[in-house]
Amino acid sequence: MRVELAGEVRTGRVVDLRDTSVDFDASAVVGAIRGDGPRAGDGPARPLAIDCPVPGPAHEHVGAIRTGMGLSLRPALADAARTRGHTPTQADELAAVRDRLSALDPPEIDLRSARRRVAETSDDAEELRERVAALRGRVQALRDAGDESGPAEAELASATRELSEVETERIAAEQALSRARNRAAENRERRRERLRLADRADNLCRDAREELARAVRPTFEDARQAVPTDSESPVSTALAVAHVADLDAPVVVGSGVDAFADGERLSEWFDAPVVRL
């Protein structure tokens, strides 16, 4: 582990930051470990940069151990088990369900636009039908009166052609709306299937966590009894989980955690690097 503190470089299995002038927050240190900030050696001196192995899943639960912390034991034990190579019996089915879920991403169907287009073309067609009817009456009246009807007949022919074009557009709009409705119905089925698969995935995840947690529970209980402090406290629980997990990235240990005499003992307990605050 390599830690940069405003230009100062510290390396080793245990890095103690309690002698610095900066009161580091555990979350900020964990963020540096997880790569949320600059890495050590990346450039100009930064307040804090840490170069270390990439944290695994258990680090999310026990990457920072400090007084007042919270811990969800079952998920933490499950991720600890994963770091030890345990695979739940639900893994294959869960992967298959997630693949099907990712493939079921129904596109948005714009029914409103399709309906509006049908309404617009229907209104245009109705208006033109009325105009054509009126022109026919006018042409017939001119013919009955023996007057010149040529210009009116030309206007009627033009309106009839326009009506034919608009009717074609109206039919196309209705067909498009019908297709959109069919796709919307298919999407509803997809969404129902997604909900069903999401429920199945949640159940499989829950079963997998329970199975993984059970796999390391005896080792965890032994570790919790071996922690030299109150075995029921969240800190002791976190120390025990961290002992069970296979951690590569540093564990940040805050002030007030006095279960072990020094950083070296903590590092041995975790079998991982330690940053002391």
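Predicted model: local features only at pLDDT ≥ 70, side-chain atom pairs only at ≥ 80, totals over all residues.
Close-up 1. Beyond the helix, H3 is followed by Gly 85, a residue whose phi is positive, near 90°.

**Close-up 2. The crossing of helices H6 and H7.** The axes of the two helices come within 8 Å and cross at roughly 125°, which makes H6 oblique to H7. In this crossing, which is right-handed, H6 passes H7. On the H6 side, Val 216, Thr 219, Phe 220, Ala 223 and Arg 224 take part, and they meet Thr 237, Ala 240, Val 241, His 243 and Val 244 of H7. Sorted by class, the residues of this contact comprise six nonpolar, three polar and one charged.

**Close-up 3. The open four-stranded sheet and helix H8.** Four strands, arranged in the order E3-E7-E6-E5 and paired in parallel, form an open sheet. Strand E3 (14–16) and strand E5 (64–65) stand at the edges with a single partner strand each, so that one side of each is left without a neighbour in the sheet. Strand E5 is joined by two bridges to strand E6 (residues 251–253), with which E5 runs parallel, and Ile 65 stands opposite Val 253 in E6. Helix H8 (residues 263–270) packs on the sheet, where H8 touches E3, E5, E6 and strand E7 (274–276), and the direction of H8 makes about 145° with that of E7.

Key: Residues numbered from 1 in each chain as written. Heavy atoms only, no water. Pairing = 2+ DSSP bridges. Contact = heavy atoms within 4.5 Å. Axes fitted to C-alpha atoms, helices over the stretch in contact; angles between N-to-C directions. Parallel < 35°, antiparallel > 145°, perpendicular 65-115°, else oblique. Left-handed = near helix turned anticlockwise from the far one by under 90°. Nonpolar A, V, L, I, M, F, W, Y, C, P; charged D, E, K, R; others polar.
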